[in-house]
Amino acid sequence: MPPPKQKVRRARRVPFVAKQTTTKKEVNPLIEKRPRNFGVGGNIQPKRDLTRFVRWPKYVRLQRQKQILYQRLKVPPSINQFTQTLERQTATQLFKLLHKYRPETKIEKKERLKSIAKKKEAGEEIAPGKKPIVLKYGINHITTLVEQKKAQLVVIAHDVDPIELVVFLPALCRKMNVAYCIVKGKARLGKLVHKKTATAVAITQVKNEDKGSLNTLLDSIKTNYNNRYDEIRKRWGGGVMGPKAQAAKAKIERIKAKELSSRVG
């Protein structure tokens, strides 16, 4: 038998590669290159935004979680109505009016009582003064004024916690035909009555020069709140999904639309 033929392996051809022309950057000889070393004991690390990794205080976490929950869960109309606050322009006019009827501070009251005591001591006659026209505050006091129909306007804060303190007040105002509105900030209402916060304030009467501006405010407030009772009663809040869930839903919708178009085509 003839010997088997041996296969000769040929070397592979090297593929042709075009030479790339590299342009050298002009380096300024006066500027020395100093590469940084970010290892242990080296250069200081650059500042980064570490907000995501911060362990926030418990009260901050709670208020953020509460805000997210109000977006995700379905919120009943009685609670959702507190998100519909008074528009900025009307709120500015309202607070200008309320500012005129701020009650006296503790220091002012002390000075007034001192002056009355001095007059009594001197034997002078003290004429009974008129009852001052001031804002009324305190949830129990305001509830009584609304029930007796003495309040002309009730201003409620939108961020009262717990919300159960004021959740009944809009319904009571509608029943008694008293104008009411919801404004931003219990702290803002608190400043009017020299307190840290106030759940609500009420106007029982105003001076003659302010009656025109009060009537204008009452008209716009009744249009936005009292007259929209049926609409507010049916409007639920919340039910807003997070960004991940929204993206997943949008992806499914796109796939469905693509399948439908392919079937039609």
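Me: Where do I start with the overall make-up? How many helices and strands does the protein chain have?

Reply: This is a predicted model, so keep that in mind throughout. The protein chain has 10 helices and six strands.

Me: What do the overall dimensions say? What is the radius of gyration of the protein chain, and what would a compact globule have?

Reply: Set the value beside the globule rule. A compact globule of 265 residues would come out near 18 Å, but this chain has 36 Å. The box tells you about proportions. Along the principal axes, the C-alpha atoms fill roughly 145 × 70 × 35 Å.

Me: And burial? What share of the residues is buried?

Reply: Of the 265 residues in the protein chain, 25% are buried. The accessible surface is about 22,200 Å², with 54% of it belonging to carbon and sulfur atoms.

Me: How do I read charge? How many positive and negative side chains are there?

Reply: Count both sets, then compare their centres. The chain has 61 positive and 21 negative side chains. The centres of the two sets lie 17 Å apart.

Me: Which strands pair with strand 3, and in which direction do they run?

Reply: Take one side at a time. Strand 3 and strand 4 (residues 179-183) run parallel, joined by five bridges. Leu153 stands opposite Ala179 there. Strand 3 and strand 5 run antiparallel, joined by four bridges. In that pair, Val154 is opposite Ala202.

Me: How do I read the two faces of a strand?

Reply: In a regular strand, side chains alternate between the two faces of the sheet. Here both faces of strand 3 are covered. Leu153, Val155 and Ala157 are buried on one side, and Val154 and Ile156 on the other.

Me: Why is strand 3 said to be largely enclosed?

Reply: Five of its five residues, 153-157, are buried, so the rest of the structure largely encloses strand 3.

Me: Where does Lys149 lie, and what is its phi?

Reply: Lys149 is in the loop between helix 5 (139-147) and strand 3. Its phi is near 60°, a positive value in a residue other than glycine. Lys149 counts as exposed, because its relative accessibility is 56% and the cut-off is over 50%.

Me: Is His194 buried, partly exposed or exposed, and where is it found?

Reply: His194 is in the loop between helix 7 (186-192) and strand 5 (200-203). Phi of His194 is also positive, near 60°. At 34% relative accessibility, His194 counts as partly exposed.

Me: One last residue. What does Asn80 touch beyond its neighbours within four places in sequence?

Reply: Asn80 lies in helix 2 (residues 77-80). At 9% relative accessibility, Asn80 counts as buried. Beyond those neighbours, Asn80 is in contact with Val75, Arg235, Trp236 and Gly237.

Conventions. Residues are numbered from 1 along each chain as its sequence is written. This is a predicted model: local features need pLDDT of at least 70, side-chain atom pairs count only at pLDDT 80 or more; totals for chains, interfaces and linings use all residues. Side-chain values use heavy atoms; hydrogens and water are left out. Helices (H or I, at least four residues) and strands (E, at least two) are DSSP runs, numbered from the N terminus. The radius of gyration is taken over C-alpha atoms; the globule rule is 2.2 Å times the number of residues to the power 0.38. Buried means under 20% relative accessible area, exposed over 50%, partly exposed in between (1.4 Å probe, protein chains only). Accessible areas come from the Shrake-Rupley method with a 1.4 Å probe; for residues, only the protein chains shown count as cover. Lys and Arg count as positive and Asp and Glu as negative; His and the chain ends are not counted. The place of a charge is taken as NZ of Lys, CZ of Arg, CG of Asp or CD of Glu. Two strands pair if DSSP finds at least two bridges between them. Contact means heavy atoms within 4.5 Å.
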